[in-house]
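Please look through the model below with its side chains displayed.

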Amino acid sequence: MAISNKTEVSTIQIAVRALVEYVCRSGSIESGFRTVTTLTEGTKAHQNIQKQYGEQDLKEVYLTTEIPYGDLLFVIDGRCDGLLLSEAAACTAAYTIDEIKSTSMPIELITEDMYPVHWAQAKCYAYMYAQAQGLERMRVQLTYMQVDTEQQKRFVQEATLAELELHMQEMIRQYAPYAQMLQTHIRQRDSRIHELKFPFEAYREGQRKLAGAVYQSIETGGKLFAKAPTGTGKTISTIFPAVKAMGKGLLQRIFYVTARTTTRTAAEESFSLMQASGLHIHTVTLTAKDKICFKDEVRCTKEHCEYADGYYDRINGALLDLLSQETLINRPVIEQYARKHRVCPFEMSLDAAYAADVIICDYNYVFDPRISLKRLLAEQKKQTAILVDEAHNLVDRAREMFSAVLHKSDFLNVQREFKVLSLSVSKAAKAVNEQFISLRKQSPEPVRITEEPPQGLLDVLESFIVQAEKELAVHGGKPTHMLLLDTYFAAQSFVRIAKLYDERYVTYSECTKSEVEIKLFCLDPSYLLQQMGKGYRSHIFFSATLAPFAYFMRMLGAGEDDYTVSIPSPFSREQLDVVIQPLSTRYQDRERSIGPLTQMLSQLMDTRPGNYLYFFPSYAYMNVVYEAFTALAPHKKTLLQRADMMEEDRDSFLGAFVANNREAFAGFAVMGGIFSEGIDLVGDRLTGVVVVGVGLPQLGLERNIIKDYFNASGLHGYDYAYVFPGMNKVLQAGGRLIRSEQDRGLLMLVDDRYLQPQYQRLLPEEWRHYTVLRLDDGIADLP
């Protein structure tokens with residue numbers, strides 16, 4: 001929605017779809033499961049139906065109208081799917097507005113009054129056309145198309161111009177208080193942004209360069225790939241220029257996306273800091289449903305959850321209250337207002353996000369085709385910038401988002417459970433289970449890799465989805481149906497990902513005695529990242545470890561016109577002592593490495609008391625070394641990272657790193673884990689970091705498939721599959737050490753491969769003034 005001033009009347013421009021979605025909210029809570037289709041599926045359905053139109057019928061007709069309301073003038077526009085003139089010419093019937101909707105639901109389940117929002121949208125178009133043409137009545141038609149079977153179903157209503165006008169006036173009446181609130185907010189926001197100063201006394205070295213590159217990228221509408229060392233202040237250096245661009249009218253929305261809670265917190269803190277300097281802006285932080293849900297079990301049905309029951313009756317009032325009173329809307333704020341208005345906190349946060357200036361969230365809300373915020377209109381995307389924090393993580397996360405997996409056991413369990421509950425569901429699950437059995441028989445090898453999707457399996461999955469949807473539509477809220485719901489979601493995901501399948505995918509299956517797993521595995525996510533990011537004004541990919549640039553630009557979907565910026569370290573060389581100990585930590589040498597390694601780690605704590613983080617390439621290696629270390633030095637204070645740590649456990653682990661510690665203390669952690677990225681242990685809270693190994697992922701099926709794929713593409717497959725991801729973990733772990741101008745510390749890299757050119761060229765400039773410490777050298781000889 002764009003808002004501008006026009007003498008004493010405020011003009012509010014809004015799309016039909018945005019208007020009706022606010023007034024006639026429709027979502028997933030009442031039904032308990034989603035039946036949305038992808039953009040590609042929806043486009044295909046529209047085109048198929050529009051091909052059936054007569055010669056005089058029109059498609060994608062742009063319509064607009066102006067409606068005054070108090071001191072507001074609403075300018076409403078949109079494109080109707082079809083304007084049918086043939087029937088009117090043939091039999092003097094009224095002209096027909098055709099609104100096309102695609103669905104994955106069985107077509108027979110759709111009833112005329114199932115989706116009031118669809119009728120509301122179509123009636124808006126009908127009013128706009130009738131009013132412009134001076135027509136006394138219009139026919140309004142809803143056309144539904146099932147995307148898999150291509151079956152169609154139509155409902156038709158007829159309305160006079162007076163009835164359509166009353167419909168529009170009621171829509172505007174309900175929307176006006178919300179529009180007035182947003183109008184007041186945007187005026188205040190832009191005025192405050194104009195006056196906003198950088199929230200620190202001065203820029204750190206490199207910050208101004210990074211901020212300038214971000215602003216220029218938003219101004220020109222391009223992609224920026226920025227490498228800025230740890231301690232540069234990347235968060236504020238990307239957010240501040242984006243906010244300034246909003247004040248200049250270049251943006252109306254900012255996405256700040258990241259993979260970790262810690263970096264989301266850093267973004268929240270940056271906005272809080274700017275708010276203290278006068279900024280007035282709506283920021284909404286999205287929290288995963290399972291974390292923010294008020295119930296012990298996440299079951300989004302009105303029978304199970306009082307916050308879902310009647311959600312759409314209360315949400316508009318709740319949003320108006322929230323957005324009128326709050327600006328920095330994080331998890332505690334969402335929970336407070338959700339309890340006050342008795343609405344689902346997760347759904348409320350999503351609805352608030354569509355009205356927010358800034359959305360702080362996980363990558364998947366932008367890039368995952370199954371989860372993303374799909375109600376953003378094309379015009380809104382053009383006024384939106386995406387700030388991708390810790391962008392090095394997006395490569396593997398994107399592979400995960402664009403892949404899908406199924407297990408034989410899930411369908412066998414549904415087959416057995418539903419023999420009594422629903423024979424049709426049981427038979428459909430049995431057909432899928434039999435396909436898994438057939439896959440197992442096709443190859444004597446436990447692993448089978450093909451370059452084609454499993455078409456036979458996909459065919460029976462379609463039938464299973466249809467039967468599951470019929471059953472869930474009636475009994476979806478029952479506890480007995482949770483297994484079916486989970487399996488249905490997995491099947492839906494698999495089928496949707498199969499529609500993205502191309503030469504960048506392989507299909508692999510793994511068989512054990514009783515289980516068969518099949519996966520559609522995305523090897524190169526670059527193309528799909530490009531597709532999911534289409535339409536946004538600008539993308540800013542930034543990280544301390546976005547190196548080598550060529551690798552990350554290729555994997556993150558850079559275009560020929562996109563550019564890079566590399567910021568030098570803001571810290572002096574004297575702040576960091578780098579030592580390489582060439583002890584082999586290769587898998588075959590690890591048992592021999594344990595003795596020398598534990599001796600060195602213990603001596604380090606004796607010689608230089610303080611707080612240390614010891615990073616390892618895997619839990620298994622870390623646990624063996626930790627056991628040997630505690631046997632060698634039982635009185636030394638240590639903590640061990642566990643794979644199942646809860647949030648309070650993580651806080652306790654970091655809380656043990658106290659400043660001015662007179663005793664030696666060491667935390668044992670894994671590279672790529674929760675303590676190797678996005679944490680700040682400033683000053684004396686961290687004395688040194690030891691990185692054991694070069695971080696290579698464990699040798700395995702998927703990594704080898706990736707290696708072979710890029711080898712076949714003419715690239716260095718081993719680097720793409722192992723070296724680049726591994727060394728990125730090393731750089732992140734080492735980056736925990738120097739976080740401010742006052743920090744000093746020791747970084748020790750333990751592995752002989754750090755002296756090889758293949759790995760040395762990946763070390764940042766500020767790490768290359770290293771000292772080599774041989775095994776027979778003493779720790780006391782360290783610089």
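A cavity is defined on a 1 Å grid over the protein atoms alone, as a set of points where a 1.4 Å probe fits but cannot get out, and its lining residues are those with an atom within 4 Å of a point. Grid points are joined across faces, edges and corners, and the volume is the space filled by probe spheres set on the points. The model is a predicted one, in which local features need pLDDT of at least 70 and side-chain atom pairs count only at pLDDT 80 or more, while totals for chains, interfaces and linings use all residues. Residues are numbered from 1 along each chain as its sequence is written, and side-chain values use heavy atoms, with hydrogens and water left out.

Rolling a probe the size of a water molecule over the atoms shows where empty space is left. In this structure there are four cavities of 30 Å³ or more, and the largest cavity has a volume of about 100 Å³. Its lining consists of 13 residues, and those nearest the centre of the largest cavity are Cys293, Cys300, Cys305, Cys344 and Pro345. By class (Ala, Val, Leu, Ile, Met, Phe, Trp, Tyr, Cys and Pro being nonpolar, Asp, Glu, Lys and Arg charged, and the others, Gly among them, polar), the lining of the largest cavity divides into 10 nonpolar, no polar and three charged residues.

The second largest cavity holds about 50 Å³ of space, and of the 10 residues lining the second largest cavity, Ser104, Asp148, Gln492, Val495 and Lys499 are the closest to its centre. Helices are taken here as DSSP runs (H or I, at least four residues), numbered from the N terminus. Helix H18 (455-475) and helix H19 (482-498) each supply at least two residues of this lining, with the largest share, three residues, coming from H19. The lining of the second largest cavity has three nonpolar, two polar and five charged residues.

What holds for charged groups in general is that side chains of opposite charge can pair when their charged atoms come close. With a salt bridge taken as a side-chain nitrogen of Lys or Arg within 4 Å of a carboxyl oxygen of Asp or Glu, a search of the whole structure finds 29 salt bridges.

Another salt bridge is formed by the side chains of Glu306 and Lys295, at 3.2 Å from N to O. Glu306 and Lys295 both lie in the loop between helix H9 (289-292) and helix H10 (311-325), so the pair ties together parts that are 11 residues apart in sequence. Glu306 is partly exposed, with a relative accessible area of 34%, and Lys295 is partly exposed as well, at 25%.

A salt bridge also links Glu335 with Arg331, the closest N and O atoms being 3.1 Å apart; both residues lie in helix H11 (residues 331-341), four residues apart, or about one turn of the helix. Glu335 is partly exposed at 22% relative accessibility, and Arg331 is partly exposed at 29%. Elsewhere, Arg189, Asp190 and Asp357 are linked in a network of salt bridges.

A pair of aromatic rings is described by the distance of the centres and the angle of the planes. Rings of Phe, Tyr and Trp (its six-membered ring) pair if their centres lie within 6.5 Å, planes under 30 degrees apart counting as stacked, over 60 as edge-to-face and the rest as tilted. By this rule the count comes to 36 aromatic pairs. The rings of Tyr551 and Tyr720 have their centres 5.0 Å apart and their planes at 85°, so this pair is edge-to-face. Tyr551 lies in helix H21 (residues 549-555) and Tyr720 in helix H26 (residues 717-734), so the pair ties together parts that are 169 residues apart in sequence. Both Tyr551 and Tyr720 are buried.

Ring pairs also link Tyr612, Tyr614, Phe616, Tyr621, Tyr626, Phe629 and Phe668 into a cluster.

Methods:
Buried means under 20% relative accessible area, exposed over 50%, partly exposed in between (1.4 Å probe, protein chains only). On a 1 Å grid over the protein atoms alone, a cavity is a set of points where a 1.4 Å probe fits but cannot get out, and a pocket is an open set with protein on both sides within 12 Å along at least five of seven lines; lining residues have an atom within 4 Å of a point.
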